[in-house]
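Biologist: I would like to learn how to read the features of a protein model, taking them one at a time. Could you show me the model and then walk me through it?

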Amino acid sequence: MQRTRTALMFVILLCMTTNGFTWGFFGHKHINYHAVFLLPPEMTSFYKQNIQYLADHAVDPDKRRYAVLEEGPRHYIDMDHYGNAPYDALPKKWNDAVEKYSEDSLAAHGIAPWWIIIMQQRLKKAFEEKNAANILKLSADIGHYIADVHVPLHASSNHNGQKTDQVGIHGFWESRLPELYAQTQYNLLIGKAQYLARPLDYIWERVYESAAASDSVLKIEKSLAASLTSDQRFAFEERNGRVLKQYASSYSLMYHSKLNGMVERRMRSSIFSVASFWYTAWVEAGQPDLSGLGKIEPNAEMLQNIESLQSAWLGGKIIGRSCSN
Ligand SMILES: [Zn+2]
C-alpha cells in the first residue's frame, strides 16, 4: 500500500514537473526567442522589439488546453495509428484525410500538421492587414505548434511511455534534458530562415522524422533503465527553486549521451522551422513594410485573452490528453 502510494505520488510529481507541456516552458520560450534571429532585416526590427512577448507567449497554446476542448489534438499526431513509414495510407491533405477517416477519427489521433497550415493562413492574413497584435499572437502560437511536431513523442500514441512502463519520459526528453543542457551545450545559432514553397510537405517531413525517432527515445531509455536501480535513476534535486524527486542529473546525462545529440538537433530544427514559417507567411502576404509597427503593448482583447488562459491553466485540469494518460 505504502509502495503504491509512493509510486502514485511520484507519477503526480512527474506530471507536475511537466504540466503536460511540450518542450516545457523552457524549450518553447527558447525556440520562439531564437527563431527571431533567423529573420531578414525587414522583419527583425518588429520581431526583436517584441521578442519578449513571443517568448512569454510561446506556451499559450498549452494553457489553452485547459480551457478549450478542441485544443488538445492540435499538438500531436499518433503516426503509429496509421501503420509504419512511409505512411502511404494517410493522405497529407486535410480534405483527403477527412474523406478517408472522418473528422472525428482524425481528431482522436491528433491533427497537428494540418492545424499548422491553418495557422499559417491566419498569419499570412494578419501580415496582409498589417495587424501587429495578430501578427504577434499568431507568430507565438504557430511557433508552439511547429515546435511540438519536432518532439518525437508527439508523433507516437505511446506519448508518455504509458504503454511500456516508462511514465514520465515525455517530460524527461522535452523538459528535463533541455533545461539541463540547452544553455550550456547546445548551439542554437542557426543561419537564415528559408522560404517554404510547400509548407504542408515540409511539416509532414518533420512529423515523419519525429515518428522515426520516437522508437529510439523509448528504447534507449528502456534499456538504460534495465541496467540501473530506481535510486540511480531518480533523486531529489532542485528545479526552478524547488526540490523535487525527478530523473537524477547523473541518469539524465547518461540518457542524453545515448541520444547522441537528438534533443539538440530537434531543437535546432524547431527554431529553423518556426522562423521559416514566419518568413514564408510574410513573403506570401506580399512582404508588407513592418517598420512602422514598433513595440506592441497588449490591447484590452489581448489582455483579456491572456488572463482567461492563465486562470484556466492555474485552476483547471487539462482537457483531453495529458502526461498521465
Ligand atoms: Zn503543445
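Modeller: What follows goes through helices, their packing, a hairpin and a few backbone details. Please keep in mind throughout that this is a predicted model.

Biologist: Now I want to read how two helices pack; at what angle do helix 8 and helix 9 pack, and how far apart are their axes?

Modeller: Helix 8 (residues 112–129) and helix 9 (residues 132–149) pack at about 160 degrees, and their axes are 9 Å apart. Because angles over 145 degrees count as roughly antiparallel, helix 8 is roughly antiparallel to helix 9. The crossing of helix 8 with helix 9 is left-handed. Among the residues that make this contact are Trp-115, Ile-116, Met-119 and Leu-123 of helix 8, and Ile-135, Leu-138, Ile-142 and Tyr-145 of helix 9. Sorted by class, the contact of helix 8 with helix 9 has 14 nonpolar, three polar and three charged residues.

Biologist: And how do I read the place where helix 8 meets helix 14: at roughly what angle do their axes cross?

Modeller: Those two axes cross at roughly 50 degrees and come within 8 Å, and helix 8 and helix 14 are therefore oblique to each other. Helix 8 passes helix 14 in a crossing that is right-handed. On the side of helix 8 the contact is made by Gln-120, Leu-123, Lys-124 and Phe-127, and on the side of helix 14 by Phe-277, Ala-281, Trp-282 and Glu-284. This contact of helix 8 with helix 14 has five nonpolar, one polar and two charged residues.

Biologist: Which residues make the contact between helix 9 and helix 14?

Modeller: Let us take the geometry before the residues. The axes of helix 9 and helix 14 come within 9 Å and cross at roughly 140 degrees, and the two helices are therefore oblique to each other. Helix 9 passes helix 14 in a right-handed crossing. Ser-139, Ile-142, Gly-143, Ile-146 and Ala-147 of helix 9 make the contact with Ser-270, Ser-273, Val-274, Phe-277 and Trp-278 of helix 14. By class, these residues divide into six nonpolar, four polar and no charged.

Biologist: Turning to strands, do strand 1 and strand 2 run parallel or antiparallel, and how many bridges join them?

Modeller: In a regular strand the side chains alternate between the two faces of the sheet. In this model, strand 1 (residues 234–239) and strand 2 (residues 242–247) run antiparallel and are joined by six bridges. Phe-236 stands opposite Lys-245 in strand 2, while Glu-237 stands opposite Leu-244. Two residues lie between the strands of this hairpin, in which Asn-240 takes a positive phi near 50 degrees.

Definitions and conventions
Residues numbered from 1 in each chain as written. Predicted model: local features only at pLDDT ≥ 70, side-chain atom pairs only at ≥ 80, totals over all residues. Pairing = 2+ DSSP bridges. Helix = DSSP H or I, 4+ residues; strand = E, 2+ residues; numbered from the N terminus. Axes fitted to C-alpha atoms, helices over the stretch in contact; angles between N-to-C directions. Parallel < 35°, antiparallel > 145°, perpendicular 65-115°, else oblique. Left-handed = near helix turned anticlockwise from the far one by under 90°. Contact = placed C-beta atoms within 7 Å. Nonpolar A, V, L, I, M, F, W, Y, C, P; charged D, E, K, R; others polar.
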